[in-house]
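Here's a quick briefing to read with the model open beside you. It goes through a sheet first, then the aromatic rings.

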Amino acid sequence: MTITANDPSRKSWVAISKESDFPIQNLPFGIFRTESNPAPRVCTAIGNYVADLAVMNYLALFDGLEIDNEVFNTRYLNDFMALGKITTRAVRNKLADIFDANNKDAKDLSWHFLHPMDKVELLLPIKVGDYTDFYSSIEHATNVGTMFRGKENALMPNWKHLPVGYHGRSSSIIVSDTPVKRPKGQQLPANEDTPIFGPSRLLDFELEMAFIVGQETELGQTVPTDNAEDYIFGMVLFNDWSARDIQKWEYVPLGPFLGKSFASTISPWVVTLDALEPFKVDGPTQDPQPLPYLQYNGKKNYDINLEVLIQPEHGEAKTVCHSNTKYLYWNNAQQLAHHTINGCNLNVGDMCGSGTISGPTPDSYGSMLEISWRGTKPVSMPDGSERKFIQDGDTVIMKGWCEKEGIRIGFGEANGKVLPAD
Ligand code: CA
């Protein structure tokens, strides 16, 4: 089925500014509710508005698709995604027709289903099943490896042969604008041999993207790189909050645990892979060539601009990083092929983080650990204070958008304010 919703010449009857993340060519999916109707429903974003898909379906605007209203009158997008890509693509194409500048009938009905975005509450869009976090940026892995093991041993011997990952915790995945309480835990002070307990002093963000699985597999089944995108519904911004001091003491030999599992923030909008299709680019050259099951054809990376700001409780925000998803060494298709090569099954709603996406220059590093180089290069804030890591009262703001030939497809924001430990 052609993705007619991506037509770059299409205009909408909704007034949409050039800087908006949500032109008619985006049409991401989310879950919202309003004060007058607190039941959560499926929605899309267009300009500064949220459109209620449950009401649109009730008004027979998805005529011919025959989708049960329960799929839209629900708390999470999982049932909608499980309809399969042919149906979800048809819904998105239909949405583009509904919002098309020529569709005066839909415009006349719009008071039933459009809500100003600043008047609604956007909820966690996915019931996340299993969450896996990869480590797929060569710049990030090299920076962290250099800090902890020296330049010569920066990358472990396996790194260029497989997308390294670990199984994370899904219960603490939260939606943008949910505050994050500073975690407490064990830490080993420098030059000591017994740990102390207390609030993390080295709280950090990790700038990542995550993809959401939209189609399940059977136990024992593998997904080749050529088909991987059929199993991915879309992508979100992802802040994999990290307590570096807790992480450093606990991670040997089994990997990240409590230093990561206290919170992970995602954006409220799932931008479909369909909408991102025009923004595919070649990835970095992989040398050595990976094993056959990890080889792939065509463009599998995405040109998504990423930005991180720190907003102190009082005063001006500071941009601390500009990066791009295109830097990732291992792409989504390779990650999914690797994830399933042992027969591990996928469920609708599973989520895979990319790993911190650092670029080649210090202004593109995707964590404070790298930006401040373990605290040796503090960042100056507009109010004269310094940041080595994240302080109480700071809000970390992540943004992501693609831009090409006058079309901007954005993800909105993934924000989180850090509250003091109890
Ligand atoms: Ca991570």
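Which residue in β21 is the bridge partner of valine 308? That would be cysteine 321. Keep in mind that this is a predicted model.

**The sheet**
- Five strands make up an open sheet with mixed pairing, and their order is β9-β26-β25-β20-β21.
- The edges belong to β9 (180–181) and β21 (318–324); each has a single partner strand, so one side of each has no neighbour in the sheet.
- β20 (residues 305–311) runs antiparallel to β21, and 6 bridges join the two.

**Aromatic pairs**
- Searching the whole structure turns up 12 aromatic pairs.
- One of them is phenylalanine 29 with phenylalanine 233, a tilted pair at 6.0 Å centre to centre with 45° between the planes.
- That pair ties together distant parts of the chain, since phenylalanine 29 sits in strand β1 (residues 29–33) and phenylalanine 233 in strand β14 (residues 232–239), 204 residues apart.
- Phenylalanine 29 and phenylalanine 233 are both buried.

**Charges over rings**
- Arginine 75 lies over the face of tyrosine 76, 4.4 Å from the ring centre.
- Arginine 374 lies over the face of phenylalanine 148, at 4.5 Å from the ring centre.

Definitions and conventions: Residues numbered from 1 in each chain as written. Predicted model: local features only at pLDDT ≥ 70, side-chain atom pairs only at ≥ 80, totals over all residues. Heavy atoms only, no water. Pairing = 2+ DSSP bridges. Helix = DSSP H or I, 4+ residues; strand = E, 2+ residues; numbered from the N terminus. Phe/Tyr/Trp six-rings, centres within 6.5 Å; stacked < 30°, edge-to-face > 60°. Buried < 20%, exposed > 50% of the residue type's maximum accessible area, 1.4 Å probe, protein only. Lys NZ or Arg CZ within 6 Å of the ring centre and 35° of its normal.
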